[in-house]
Each structure stands twice: as structure tokens, then as C-alpha cells.
Number of protein chains: 4
Amino acid sequence: MFKEYQHLRIPGPTPVSPEVQRAMDRTILGHRSGAFSEIFAQTCEKAKYVFQTKEDVFILASTGTGALEAAVANVVEPNDKVLVLVTGVFGERFVKIAKAYGANVMTLKFDLGTTAKPETVKEVLQQNPDIKAVFLTHCETSTAVVNPVEKIGNIVKDTDALLIVDSVSALVGMDLKMDDWDVDIAVTASHKAIGLPPGLALVCVSQKAWKVIEKHKGPKFYFDLLAYRKKIKDRTTPYTGPVSLVYGLSKSLDLIKEEGLENGFKRHQLIRDMVRAAVKALNLELFVQEEEAASCTVTAIKGNNQLDVEQLRKILREDYKVEVAGGQQDLKGKIFRIGHLGYIHPLDILTTISALEMALKQIGYPISLGAGIKAAEEVWCNDKNIG
Amino acid sequence: MFKEYQHLRIPGPTPVSPEVQRAMDRTILGHRSGAFSEIFAQTCEKAKYVFQTKEDVFILASTGTGALEAAVANVVEPNDKVLVLVTGVFGERFVKIAKAYGANVMTLKFDLGTTAKPETVKEVLQQNPDIKAVFLTHCETSTAVVNPVEKIGNIVKDTDALLIVDSVSALVGMDLKMDDWDVDIAVTASHKAIGLPPGLALVCVSQKAWKVIEKHKGPKFYFDLLAYRKKIKDRTTPYTGPVSLVYGLSKSLDLIKEEGLENGFKRHQLIRDMVRAAVKALNLELFVQEEEAASCTVTAIKGNNQLDVEQLRKILREDYKVEVAGGQQDLKGKIFRIGHLGYIHPLDILTTISALEMALKQIGYPISLGAGIKAAEEVWCNDKNIG
Amino acid sequence: MFKEYQHLRIPGPTPVSPEVQRAMDRTILGHRSGAFSEIFAQTCEKAKYVFQTKEDVFILASTGTGALEAAVANVVEPNDKVLVLVTGVFGERFVKIAKAYGANVMTLKFDLGTTAKPETVKEVLQQNPDIKAVFLTHCETSTAVVNPVEKIGNIVKDTDALLIVDSVSALVGMDLKMDDWDVDIAVTASHKAIGLPPGLALVCVSQKAWKVIEKHKGPKFYFDLLAYRKKIKDRTTPYTGPVSLVYGLSKSLDLIKEEGLENGFKRHQLIRDMVRAAVKALNLELFVQEEEAASCTVTAIKGNNQLDVEQLRKILREDYKVEVAGGQQDLKGKIFRIGHLGYIHPLDILTTISALEMALKQIGYPISLGAGIKAAEEVWCNDKNIG
Amino acid sequence: MFKEYQHLRIPGPTPVSPEVQRAMDRTILGHRSGAFSEIFAQTCEKAKYVFQTKEDVFILASTGTGALEAAVANVVEPNDKVLVLVTGVFGERFVKIAKAYGANVMTLKFDLGTTAKPETVKEVLQQNPDIKAVFLTHCETSTAVVNPVEKIGNIVKDTDALLIVDSVSALVGMDLKMDDWDVDIAVTASHKAIGLPPGLALVCVSQKAWKVIEKHKGPKFYFDLLAYRKKIKDRTTPYTGPVSLVYGLSKSLDLIKEEGLENGFKRHQLIRDMVRAAVKALNLELFVQEEEAASCTVTAIKGNNQLDVEQLRKILREDYKVEVAGGQQDLKGKIFRIGHLGYIHPLDILTTISALEMALKQIGYPISLGAGIKAAEEVWCNDKNIG
């Protein structure tokens, strides 16, 4: 009866709303047909809203890492000096990709669970005026921190460097003002706060970045952004577009517009605050201490000697049908992560917290049943000015 | 974003599982085609499991009331004496239908919120050996009581009367042993514990009942059970069958079999116990006091002078996306009812309870946030032998 | 690969468009919820367009025969004299239902394959001024004739009798002007030209009919039209409505409006003309000779001593995935019938004709491959003023 | 009514079967969850059947061009000598990608509409023993030829060069024996004969190719096949997999297995033969003269001074809802192409031919209506030994 039943609370893929699911069921159109071009062009146009930009937004048939590679492969030439701000696994991924493309990579590593420090970035840029690009992870999914994109944008804009932002697990869940914050390339993916299945990525490029890209030499084809720019004028993609995901994206962007980006951000923040309050009330420790540094799309929680996080995850999954993420790499076994982005209502996080209470009880962790819910509900009540 | 999002917690229609939803999307077949006959015949066969019977189960294209009418229209002739056990609105519905068909209706009314009393039934039957049929509501949806079908079956079987049971909101959620309990006609509908959309009803008939039906004279056509019996041998229906709902029923019966009827009953009972514990912990009053009388598929909760149930329902619906039912007829404004049948996991009732806590807080009802959840989780923990 | 692949060319159920299919996948709402009432009320309103009426249209959770019974059960009292115009199986069905309700049934039988004759009806009505109702089948699905509703309406309107029309397999496919043609009760069903799965029926009632219904006494409950009239004011149904089919109906009515009723009639007529031309070109004999009498929604074709229609149907089904209907009752084995109503494009009938050519070849019937297509295409070309 | 109605007859994307469509609607699972890993591993295993291989098959979240790039990016280093056999646009695409990766590209161009000549390939390889890889397009979609993969495989296997085959629009529609024919890398995509929406690609690699790939140096990340090989052992992908397309692929591979690859090849060939016969009967000229060179998945037809192919395509699309492809690059305006691959039944091609006849008539092209159908039906009859 409940084989397919689940509460998917990982930081992507995320649940798909029934509206988006049905939109994707539309009969497949030829990717070069006029009927599809119409849908495609409208969707690209609607995507500008979520990047808060007047620049074109490009649709790639790939998942997020493909879009990260696009950001590197169109900018970086062998021996180019680039600066990667590393706050976790996805910062490291930028390092790996940049190295794969022959970059001379400088890294600034920040303690896991903390954010990149703008002032340090400023110093490094001053000392290295030849840095071609700064790579920043907006939400570092592996640690659940949100990096200060605006502040770093403010610094990078006065240099020749491009600011390249991985907003895969942040965009739509947290504020990103492509234009106002002087971001040069921002990328995201379909299966995060946008609420589609995986397989589609979005890339947005500033005028400053285009100047670099136009001069760029180096191996690239599928992810060659100039090819996408050329074809978007004809309301199409250079290669076959992911037709059914575009249908879904079109609908998803309508739903996001209807809610309003700002309201969506507030919803994500409320849910984060509910999770954090519940976590504390259940005698658990948050991995990201600082409120400001805590992502609104994912929360990381520490294990301890009474709490085997992998055992907890197994119980949550098998006995309560709640799927949460574990730690990655160095954090494996040390934390677990609750994703709360995209098509998620505050009620859904209460369900997760209930399951968490039961599972903690089940492994003998010292908690009071109901304590997490009480704390989370109080946050919601305050938010609604109740009581 | 959340226009279509909801937690449907009324006593039917109920949520449809994704498996069943997809099953209904299958391409429409001709209702007389061999391919459909195959599916139809298998589905009828599988339906015997849920009635715990070896008799045929008939599929009608109607909702539950149509099936109630079928039970009357095939048995009752003008001036026949029938006994209706009335425990609420759906008992009254049997009265109305029987009167529409010219019956001489005796009613035994029991206080709302209590069950039919077998001993009283016994007396009346002894005093009225000419009673042709006894009509009983298995779960009286309007008050959330479950009537003692087995005990009444034990009494009626020794008379000439037929026992006709409306198990619309009970079957699959609570035990009904058609054969062992000597039920003569039992009916149910698709949109209750079976978990389909409305539009399909099931009717099961004992050999004792067939003898009466075969002699029956009176106006009936669409609901003429002899026509259905004749056609089921040819693996079809007398009139067009509800093809897509049959696809869904076939899948639903598979899922029910897979879980096991007994396990399903336990799940419904656990959920009932969780709701009742939460209700008490939230200083609310249950409409059905006696534990044994409390339905496992729906729970009724009283309003009071601090609790306007219609206001509560509005807040639950608008602010928390939880749809619960109000009272019907005499109970309108006096109770609200939480449906918990069909495709519902214990976690889902925790979501409902969370919403209830918040909504109660919002209208100023004196509760402690988290108290309902704590009580409900304790019930679940006990059930799992945790803690 | 092609297990589910088929061309469903029977006179109902009919293929469901992808738009309607997706509409029915919408999350189930409570049947008494405000959100559903909104959809329900709009749908009832939109349904007036297809009946070409200003009267209310009622939605029943049943298939077509249930609606036929509703038309009888609300009008006919025991011994009432009624006139049934019988042109085939569905005329006979009215006879059976009326008899089941105790009517004194006069029948006018017309040769199979011909229509009811208005002048005869006129005579009978003049001779029998006590006739309470005239029952007429709009499209007699079993023979593929279309009866002259307008002319008969013109006659009946000047009498006290009601004109009750079974437009199950006609409405939306052929013209029916409820108000202008003085029809008193018209019924149809979801799985015909409306293009939904089976399980929903529509009934429309004139003011003249309401006067009779209001005085009617007799057993009825599920199909009691006064109960429906009372509840439609509250934007709901007396018993649970078929929620998901209503979603589909709402979308289907939008698509019908978008095409325009008149355009839809022309499309059905074109397809009929294409079929008839092909049939002649393939040396087959039409069962309905007269062009005017030929239904636009279904075509019946005679077997002969070189053509075993049941063998042909088997080959069409098994080798060509085309499902056509056989003859019913007296016509079993003598004709086969091609349904062409609802969601059917002229191209689809060419597919059917191609399959028919191949299947005829396969059984050794003397035809020229391509001859049927040629004839059908010429009809279409003429219709488009090509060539 | 018919806005979404269409007959998609381009060489990809192709129609999606209802079974596959529903499979993709399954609730999204976490891409690292055990439940998804199970589905993923089974799907990879099932994919071996369609490549006729015992090697691993890798699933990429990209469309076909991404997979072509993967084949280049894992093999080619700057200045490597490679041979590209160019028979049209997709051969040219290999040239472009190889050049983007710095290869020293030799091209063998063959006249458009003809195939690569094995003997020429042999000579060139003998004269250039330092060729690292030979790139071959299995079905050259732009001209509708099928290249002799087996023969070329026979030649390349005795050299140090790898044979890299773009089987994007061929695999599953025409024979490709990865192992027996000594293909080293073969790639295909989801939206061709496999019958899914676009967004997923498959890559299969021989042991000979792995040896080259293991030593390969050069920029690659998202398409790094070693990363995929490493992760497939853990039943997962290096980056997020296209979850819903994998569900669809799993079902599609089941349907292909059920039909049997060989039967599927015959079906594609039959459909090709039907199209070619119809084309000739309609006084049109085939672009690929030689029968053996004609692809079974797409057919190209020449325009002439009485036949403006772009006008024809417009009429087919707008008046007959049939979408066919035009010519690409040099062939734009000179040919049109009918795709007939994947989820297509012989009946469907008759529909296309009917539409073509009507459209030709409409533009005044001298044809006899029905002639194309007659010819195509005769082919099918011969195939079935009818007549």
C-alpha cells in the first residue's frame, strides 16, 4: 500500500507538484516545431523573473553539474588564475572542474559550517589582480550554509574578475539578484527549488561575462554558451531540448510567479526556522550555528555518541517513509541533512519533525515526544502573529 | 503554488494513491472487448477478498447511494415490513429509500453517537417474524460509530429476514466477514477505504438473499441485480461499466491484498487511537465515548462554547490546507469529523493533528501546542513497542 | 510494445483526449468543498451550451442507462400510457424500462435501419390524447440511424405528452436543440461524443416536464430529479458526485466550445460521409441506405455470404488493433459498426479504412487495396474544395 | 479540440507510449536512495540487451549531442589524428566536436544520400596507421542513409583505432551488435527509437576503448566516462541522474524486450518499405536510391519544381496535423523527411501517407488519391503473405 509513499526531504531532487507533473505529461512536440518554439520562448522569458535579471536565461539538457561545467568551460583557459571559495563539497567540485580545464586554481577554504568571508575575498583579489573568475557556491548543500553572494558581488564587481555563482540548491528558495548583485554567471537546476525532476539546468550570463566568453578559446561543444545565445534568438536550442521538462518548467515558473518570489523566500525561511527550533528542542545540535549563515533550503544536524545518524536515517526511511540526506565525504556519518526546498508547505516540515521525534525515541535518544513539534509550531504561530 | 495542495481528511472521497491514479490513466478499452473482460473478471474475483466471501461481487456504475438503492429495490415490495436500525443520517437514508419503495418501515433509533443494540434487535425480530429485511449501517459516517454487524448477523441469521449492510465507509477499513457473519447484502463504494474517485459501487449478495431477489417484483432496471448476475457469467456488466474506475479498482485491490486486510484494519485502528488520544490531550470531547463503538475510519469531535466548529473548519481549510467534515443535519455546527480511511499513513494523521493544534491556537482555544502530537505519538510508540 | 495500442472505433466508450485525461488526474477534492462546488457549478453552466438550452443540466453518477431510467422513473406511474418509438435495441430498452415501471406501453416499431416516421407518430398521438410521454432514441446506436427529433418535437409540443429523447450517442456529435425543438427530457452520457470515460450522465429537463415530475409519485431515489434540482441551487449534488469525471467534463466542454458545436457537427458529418464513400468503394453494403437517416456518429455495414463480420472484427482487432462493434441482438453476425464520435479527427477514420481494406483482403473479400481510401479522401477533398 | 492532436513523424523526438508516459509519472525518488539504485541497476542491466553487449551501459543526463561529445572528450587529445566518415550533418557534427577538442581531423566525405564505403575506409586506415579513432554515423538522420557499421567494424578491429558509432537515430530501430561487430563506443539517446522524451543518453564502451580512455588526458568532467564506470559499481551515477527518465527507460526496455529486438527491426523495415513504395507510387523521388542504404528509421524525399517541400510541410502540419522534418543545412528546402522510429505501428505510417496524399493534392501535385496507400498496403500484405 505504501511502497511508493514517501516524504522526500533531501536537498534535491524534490517532490514534484501535481500541476507540474501533469504539465510534463503533455504530448511530445517536435523540438524545432513552431508550437514548441512558442512554449520554449515564453519559458525562457519567464525564467528571467527567478534570476531577477533582464539577461537571457539558457536552458540546458543536463543536471546541475553540467551547468557548473558550462560556467567553467566557457570562461577558463589553461593557466588562467581563478579563485574558488570553498565551503564544502560543491566548492570542491568547482575546484575539480576548473582543474580539469587547466586552471591555475587558488582556493580559499572556510571551516565547514561557516560561510565565505567577504573581507578575505577582497584581500585576495587585491593581491591577485590577474584573477579571471571567482567561483562561489550560493547554498553549500553539503553543510547547509548560505554564502553572502551580495557582499561578494559588491567586491568582485570592481575588479576584472567574473563572479560565477552555483545557485543550484538556492535559487527560488533564497534571494539571488543576478543584476543588482553583479553576478556574472549564475546556474541552477530543475530538481531543486524549481520543483521538477532532474535533467534540466538554467544558466544566466551578464554582459561582462559575455565579453570574456566571446574571446574564450578551449574545448567545449554541448555546453558552448555562444551556441545557446545564437539559437535563443530563433527561439530554440542548439541541440535537442528536454521537451517534457520544458513543459514542466513553464508551469513551475507560473506557480512561482503566482506565489511571488518574495513570498516564496519567506516560506523557505519560515520552514528553516521551524526546523531549527525543533532541532534545538529535541536536544540536537545544528551544524550551522550562526542564524545568518543557515540556508533556507537545507538544514544539517550533528550526530553524537548517542546518535548514529546513519541508523537514524535508516529508521526514518524504513519505518516512517521519510528520506533525509546523510553527510558527504568528511561529514559522512557526522551529520544528517533535511532538505526543505521547492514544493514544500510548512505542514510538511511538521510531518518530518514528527517522524524525527518518533525515530529518535526509537533509537533511545533522550527526547520528549511532541517537544520538536511544539517548538516548530510556536515559530509558525509567531510568524502568523497568533497567540 | 499550493492551490491544489491539500490534506483531504473527510470520510470520503479520500486521497487516491499514485499507483491507482496511474492505473486509471490506462487507454480506454471497449467495455465489451475481450481485453476489458479479462480485467473485469479478474477484478470481480479479487473483490471477493475484501468482502471475505465466496459469493460474486458486482460492480455498479454509481456512488454509494445507488448501491443502497440497489439493496432496497431488489428486495422490498410495497407494504413489506422492514426494520431499519437508525444510528444517524445514513440509517435515515435507508428509511427514506425503503419508504420510496413502499415499504412498511419500522425503525429502531439509537442515540446519536451510540451503536445499535443487538438485544433490542433480537426482541423486535421475535415480535415481528414477518420482517423481511433488517437494514444496518456498518459505519454510521455521520456520527462515527461502528455498529456490531457480527452480533446482529448472529441474530438475523436465525430468522427469515435478510441482513442488509451499508458498509460504504467501513469495508476495507474495518472487518466485515460477509460469509462468516451471515450478511445477506453488503454494499460499499469506491471513494472510501478502497481509495478510488467516486463513481463505482460494489454489491455482494448471499444465497439467502438471491432467493428473495429471484422472487422480487417491482420497478428496477439499472440496479436490477439479476441482470448483473446474468452478465457476470459472461465476464461483463449489463450496461456500460465504468471502465477507468475498474482499472483503478483492480490496482487498488492488489495494493490491499499486498498489505493484507488484517494489517489494514490494524492500521486504521492505530490511526483512530492516535486521533482519539490527541483529541483528549487537546481538551476536546469525542462524540463517541465508548472505545468499542468508535469507528476506525472517521472520528467525530464536539464543538463547545469556546469552539465554533465551522470557524475551525474554515481555518483548517484556508490556513492549513486540511479539509475536515462538519456535522450533518441535527449535528451541523455541533461536531466536526476527521476522516481517516483508505490511503492514509499514520504520519498523515500527525499532520492533521499539527494543523488542528495550530488552528485551535488561532481561535484562542486553550491548548498546549504539541500536546496532541505528543499523545498521538505515544500511541504509535506503544503500538510499535517503543520506549 | 503495442499491447495497449488500439484504435477504438466503437460507438462508445470513445478515446479520451490527452487534455481531458490530464484534467481527470487533478487531486480529488471533497465533493462538498467550496473548491469543488465552484468547478461543479461552472461545469453545469457550461453544459447548457451542448444541450442548446437555458434550462439546468444535471450531472448523474451513472452510465447512460441510468439516465434513461431517470427519464422514466420521474415521469411514468403505473398504467400511464406511453408511446415508445422503436428503431432498434435502444428503443427496446425504453420499452423495458417503462414496463419495469408499470407503464402501459404502446410501441411503434420501424424497420431496422430506417427512422421513426413523424406522420405516424402524429396519427397515434391524435388517436391517443392520453399518452403521457413519447420516448425517442436520437441516434439508434444499434442500427446507426438518426431519428428526426426536430420534426417529432414539432408534433409532440402541441399535445400534453412529453418528448423524452435518448441522445446518448448523438449529443455533441449531431444537432439537438433542446429548447428550440421542444424536447422535454434529453439525456446523454460521458463516454460518447463528449469523450470521457464512462460513469457520468447528463439530464436536461424542460419546464413542461418539471410540471409532470413535480406531481409524479412512484419509487425513485438515486435518480430522483427533484433532489438534483434542489441541490443544484447549492452548487452540489444530492449524493456524492463523480468528482474526477466532473473535472474531465469541465475540460471536455471547454474543448467543445472552443471548436464550436456547429464545427463539431460538420466534422462528424464529414467523417460519416468519408466512411460511407469508402464502404461503397469497397463493395460493401451500408445498413442505412438513406443518406438523411444515417447517423454521423456510427455507421453500420452489412455482412454477406463472402463476409463473416465476426471474423472480420477479429482480424481487425488482432492484426490491425482496430476495435469495431458487432451487431446487437437480431443483427448479431449480420452487421458490424464503426463508431466515429467524440475525439476523432478525419485522419483517424482513414486509418480505420486502411485497416478495413487490409482485413478484407486478408479474408479474401474482393476489393482493390486503396479504393476505400481514395473514395474517402475524395470526400474530404471536396469538403475542403481541393482538386 | 485538436490543438494537442498530432502525428509526430520526425526522426526524433518520437511519440511516447502510454505505458512509458505513466512509468515516468512515478513519484520522484532520491537519486542516491536504495529504492532508486535498485531501479537504476536493473535498467543499466536491461540496456545491455539493446546494445547486444555484455559491457556496461552508462546513462547520461543529456541529449544525443552530449553523448557524442562524451565519445570524443574521453578519447581525443590535442593533435590526435582521427578519421570522421561524413555522410551528412551528423558526420559533420563529429568533425566539429573533434576539432573543438583539438584533434587533427581527417574526413572522408561521401555524396549526400550515399553511405560510407568500407573499402575507402580500409585504404585510409592502411595509409594512416596512426589514426586513433574512426567516427561513424550509424543512421545519418539528415539524409536517411544507414551506414555499414558491421563492415567497417570488420576493418577497424584489425587496427589500433577505435570505432566510435553515433547510433542515436538507429539503435533499437536497426541492428547494432556492439560486441560482434567490434564497435568500441556506441551512443544513443532516449528520444529516438527508445521512445522516451529527450534528456537521457546511453553510452557503451568496449574493453579496447577503456584502455584508451584510462590513459586519456584532457578537459572533461560531466562527461568523464571513468567517473561513470566507477559509480556504476555502486549502482549510481557520479552526478544526479535523470530520475524520471530512468523510470521511463526501464519500462521502455521492457517493452522492447517483450517485442523482441529482431521483431522490432522487422517492423521498422516493413514501415520503411511501405513508405518507399508509397513515395514511388505518388511520383515522388526518394533521396536514397539504393535499397540497402535506406535507413529503416527515417526516409528522405526530394522536392522538385512542382513540389515546394516547405509548403508541403506547412500544409501537412496545419491541415493534417502531421509533423514531418525538413532538410538540414545544404538540403534545406530540397528534401523533407518522414521519421518512422520507436513507438510506431504500420497503421500509423498509413495515416501519414493518407495525409501526404491529401496535402500533395492540395498543392496541385499530380497524384492519384489512394495510390500511395495502395502501394503501402501491398507491401504490408506481401509481408503477411496475404493476397
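Predicted model: local features only at pLDDT ≥ 70, side-chain atom pairs only at ≥ 80, totals over all residues.
Student: Is K48(C) to be read as buried or exposed?

Tutor: A residue counts as buried when its relative accessible area is under 20%. K48(C), at 15% relative accessibility, therefore counts as buried. K48(C) belongs to helix α2 of chain C, which runs over residues 34-51, and, leaving aside residues up to four places away in sequence, K48(C) touches T53(C), K54(C), E55(C), D56(C) and V57(C).

Student: Turning to chain A, what radius of gyration would a compact globule with 387 residues have, and what does chain A have?

Tutor: For 387 residues the compact globule would come near 21 Å, and because chain A has 21 Å, the two agree. Along the principal axes, the C-alpha atoms of chain A fill a box of roughly 60 × 55 × 35 Å, and the secondary structure of this chain comes to 13 helices and 14 strands.

Student: Which share of the contacts in chain A with a separation of 6 or more comes from residues 24 or more positions apart?

Tutor: Such residues account for 72% of those contacts, while buried residues make up 70% of the 387 residues in chain A. Chain A exposes about 12500 Å², of which carbon and sulfur atoms supply 46%.

Key: Residues numbered from 1 in each chain as written. Chains lettered and ligands numbered in written order. Heavy atoms only, no water. Helix = DSSP H or I, 4+ residues; strand = E, 2+ residues; numbered from the N terminus. Rg over C-alpha atoms; globule rule 2.2 N^0.38 Å. Buried < 20%, exposed > 50% of the residue type's maximum accessible area, 1.4 Å probe, protein only. Contact = heavy atoms within 4.5 Å. Areas by Shrake-Rupley, 256 points an atom, 1.4 Å probe, with all protein chains shown as cover.
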